[in-house]
Amino acid sequence: MNEIKRGTVEMTAAMLISGTIGWFVLMSGQAVTGVVFWRCFFGALTLLFICGAMGLLRPGILSLKTFSIAVGGGIAIVLNWLLLFAAYSYASISIATTVYNTQPFMLLGLGALFLGERITFTKLFWLGLAFAGMVVIVEGKPAEAAGGGSYAIGILLSLGAAFFYALAAIAAKWLKGTPPHLIALIQVSTGILMLAPFTNFSAAPRDVGGWSILITMGIVHTGLMYVLLYGAIQKLPTHLTGALSFVYPIAAIIVDRFAFGHVLGPAQILGAIIILAAAAGMNLGWTLPLPWNRNHHLSKGAAE
């Protein structure tokens, strides 16, 4: 029980940290490529220290194949960050984060394609419900966005971010058994190499406040968040991990409201509720009251 409680605290803390990252991105004043580069840079320093302390830097831990898959996952996670952070400026943190939570459905399709996982009618129902929520959000764009396409661009960027997150998750499934902190170190190191040629170093912060934001994103939102997240995943049952993951979008919506004054319209709220409900149904294995499910025990339905 103590392990469950500790895992719950770690997962909640990780999701609360994730929910505040939009504020740091926008307040940094940096281009998206710069934000992600410095996040990777300071995150790599943090994770290098953590991996060293855990004895994960000794030779022979990774095979060439494992390293290659980790690098591929790193490319995907960096593209995920680039697209999601870019979406904040177009469709607000709240909407971008909510749309980003369609990632379980991206993973559903990729899992069927690459891992041979079965797609059930129940999963298709949740997918259809999430799509309906997406339509409601698209139609519920704020009046100030009615004249331009920036709102739609933000939604498309968020969907792209969700897709690349799902690719990174597929890579993580292939890396089962590999120390997760080492995977994270490889990912952020890959990001440094990817983004260094595109980063304008002359635009780096010139004051302590600007650097503190970027350093916080690297140490807290990357290094510490990974430690908390992976620690929680190792302690918690899957259904509890899935349930606590919804702290992230809720925290992001609250931060967006109080930090930037962004208030969701009725249609956007409805669409957000539909998407999050569908994602919850998918993550937690909720089943539908269908004739062929009546005699199935709930735990069996959850395993679908």
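**Close-up views of a predicted helical protein**

View 1. Arg 6 forms a salt bridge (a side-chain nitrogen of Lys or Arg within 4 Å of a carboxyl oxygen of Asp or Glu) with Glu 10, and their closest N and O atoms are 3.4 Å apart. This is a predicted model, in which local features need pLDDT of at least 70 and side-chain atom pairs count only at pLDDT 80 or more, while totals for chains, interfaces and linings use all residues. Residues are numbered from 1 along each chain as its sequence is written, and side-chain values use heavy atoms, with hydrogens and water left out. Because Arg 6 and Glu 10 are 4 residues apart in helix H1 (residues 2-19), about one helical turn separates them; helices (H or I, at least four residues) and strands (E, at least two) are DSSP runs, numbered from the N terminus. Arg 6 is exposed at 52% relative accessibility, whereas Glu 10, at 11%, is buried; buried means under 20% relative accessible area, exposed over 50%, and partly exposed in between (1.4 Å probe, protein chains only).

**View 2. The salt bridge between Lys 235 and Glu 10.** Glu 10 also forms a salt bridge with Lys 235, the closest N and O atoms being 3.1 Å apart. Lys 235 lies in helix H9 (residues 208-235) and Glu 10 in helix H1, so this pair ties together parts that are 225 residues apart in sequence. Both Lys 235 and Glu 10 are buried. Through shared partners, the salt bridges join Arg 6, Glu 10 and Lys 235 into one network, and the count for the model comes to 2 salt bridges.

**View 3. Ile 250 in helix H11.** Ile 250 is found in helix H11 (residues 247-260) and, with a relative accessibility of 46%, counts as partly exposed. The C-alpha atoms of Ile 250 and Gly 19 are separated by 7.5 Å, although these residues are 231 residues apart along the chain.

**View 4. Gly 29 in the loop between helices H2 and H3.** Gly 29 is found in the loop that runs between helix H2 (21-28) and helix H3 (32-53), where Gly 29 is exposed, with a relative accessible area of 68%. The C-alpha atoms of Gly 29 and Thr 178, which are 149 residues apart along the chain, are separated by 36 Å.

**Setting of the views.** The secondary structure of the protein comes to 13 helices and 0 strands, and buried residues make up 49% of its 304 residues. Along its principal axes, the C-alpha trace spans about 60 × 55 × 35 Å.
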